[in-house]
Amino acid sequence: MKVIWHDGQGACLFTKRLERGRFIWPSVAGESLTISPAQLSYLLSGIDWRNPQETQRPTRVG
């Protein structure tokens with residue numbers, strides 16, 4: 001995934017590749033799409049941002 005961010009003075013190019021799986025990208029037909037910062041974070045983490053699920057992590061290894 002490549003994201004171009006422009007702040008009014010210059011632009012930055014960010015790239016991200018998942019080690020496993022694939023990005024869950026919203027389907028739009030020729031239209032632009034606006035997502036929230038939280039949705040972008042989910043997207044970059046490989047989490048299905050349409051239906052995020054909280055998971056229980058173990059507190060200790062036993």
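1. Strand S2 is hardly covered in this predicted model, since 0 of its 5 residues count as buried, where buried means under 20% relative accessible area, exposed over 50% and partly exposed in between, with a 1.4 Å probe and protein chains only. Helices (H or I, at least four residues) and strands (E, at least two) are DSSP runs, numbered from the N terminus.

2. S2 pairs with strand S1 (residues 2-6) in the antiparallel sense over 5 bridges, pairing being assigned if DSSP finds at least two bridges between two strands. Lys-2 stands opposite Thr-15 in S2, and in the hairpin of S1 and S2, with 4 residues between the strands, Gly-8 adopts a positive phi near 100 degrees.

3. Phe-23, in the loop between S2 and H1, is partly exposed at a relative accessible area of 23%. Not counting residues up to four places away in sequence, Phe-23 touches Met-1, Lys-16, Leu-18, Leu-43 and Leu-44, a contact being heavy atoms within 4.5 Å. The C-alpha atoms of Phe-23 and Leu-43 are separated by 6.3 Å, although the two residues are 20 apart along the chain.

4. The pLDDT (the predictor's confidence in each residue, from 0 to 100) averages 77 over the protein chain, with 87% of the residues scoring at least 70. Confidence is lowest in helix H1 (residues 37-45), at a mean of 80, and highest in S2 (residues 11-15), at 90. Where pLDDT is low, the predicted coordinates should not be read in detail.

5. Residues are numbered from 1 along each chain as its sequence is written, and side-chain values use heavy atoms, with hydrogens and water left out. Because the model is predicted, local features need pLDDT of at least 70 and side-chain atom pairs count only at pLDDT 80 or more, whereas totals for chains, interfaces and linings use all residues.
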